[in-house]
Amino acid sequence: MSKSYSPTWRVISVIVLRPLLTLLIRNKWSGTENIPKKGGVIFAPNHLSYVDWGTDALFFQANGRYPTFLIKDGAFNVKGIGPFLYKAGQLPVHRGRADAGLVLKEAEKRLAEGAAVIFYAEGTATRDPELWPMVAKTGVARLALTSGAPVIPIAHWGTQDILPYGSKKVKLFPRKTVRTVAGKPVDLSEWAGKHTSARALRAATEAIMGSVTALVADLRAEEPPAVPWDPNTSSRTVPGSTPTAQPAVAADPVVTPEPVASDEASPEVTGQ
């Protein structure tokens, strides 16, 4: 079990966060049998809203795993929030710095200690106009192939109704339902030992996100798009079609910390 956190803050996060979110949000869970009870594990959820970190934390805590999020460093400077994040053992991600990739080394260390690391592979809330998972960064695959830790795909649906991306207005009433599901571990054996190969990292990332997207599709009872939204081109390009333009989004909220993920080969961390 990882000791990279304050047990006192861990208890506080459980006795405060769990009752509060249970009161404010109706949570429906499935696939909990796929959550390992011990040992290092990477959870890879889709990303819809700033509310994701709260409902995901509740999901993992209630199923026996204390979550370690990768969170943008600015959140650690927020009065009242930053000290809690440090003491709770969360990992700050420094964007735009030469040492940004060091967070993956720290995450790998935590995994070796038996931690549950939460990695939002898309790097930010999805920009897909229909809210499907978009093309992800390869940091999650790099961490998985380097550490050997299993990757459990996670999907949730409903947080976008509470706090849509780009909005600062929280909509708690009437009480919303958030459904969360854990899938079976993603089989990455094909790429074992290939963590330095850009092609292998991309393929492994696509396998992870394919599993996440399939879970989202089940929650939505809809067919996902054949090609994921690419945030670099702001389009979903299907052979023979014209790329779909991305609608404008509002400025980022600044009051809530957002978990983020690492970038491609650097592995630089990105986000809003």
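1. Let us start at a proline. Please keep in mind that this is a predicted model. Pro174 sits in the loop that runs between helix H6 (159-162) and E7. The peptide bond joining Phe173 to Pro174 is cis, with omega at about -5°.

2. Leu131 is a residue other than glycine with a positive phi, near 70°.

3. Now for the sheet. Its 7 strands follow the order E1-E7-E6-E2-E5-E3-E4, the sheet is open, and the pairing is mixed. At the edges are strand E1 (25-30) and strand E4 (91-93), each of which pairs on one side only. On average, neighbouring strands in this sheet are turned by 25° against each other, direction ignored.

4. If you want a landmark, pick Ala44, whose bridge partner in E6 is Pro153.

5. Which strands does helix H5 touch as it packs on the sheet? Helix H5 (residues 139-147) touches E2, strand E5 (116-118) and E6, and the direction of H5 makes about 165° with that of E2. Helix H7 (residues 198-220) also packs on the sheet, where it touches E2, E6 and strand E7 (176-182). The direction of H7 makes about 30° with that of E6.

6. These two helices also meet one another. Two packed helices are described by the angle between their axes and by the distance between the axes. The axes of H5 and H7 come within 8 Å and cross at roughly 100°. Angles of 65 to 115 degrees count as roughly perpendicular, and therefore H5 and H7 are roughly perpendicular to each other.

7. Which residues make that contact? From H5 come Val140, Ala141, Arg142 and Leu145, and they meet Leu201, Ala204, Thr205 and Ile208 of H7. By class, the residues of this contact are 6 nonpolar, 1 polar and 1 charged.

Methods
Residues numbered from 1 in each chain as written. Predicted model: local features only at pLDDT ≥ 70, side-chain atom pairs only at ≥ 80, totals over all residues. Heavy atoms only, no water. Pairing = 2+ DSSP bridges. Helix = DSSP H or I, 4+ residues; strand = E, 2+ residues; numbered from the N terminus. Axes fitted to C-alpha atoms, helices over the stretch in contact; angles between N-to-C directions. Contact = heavy atoms within 4.5 Å. Parallel < 35°, antiparallel > 145°, perpendicular 65-115°, else oblique. Nonpolar A, V, L, I, M, F, W, Y, C, P; charged D, E, K, R; others polar.
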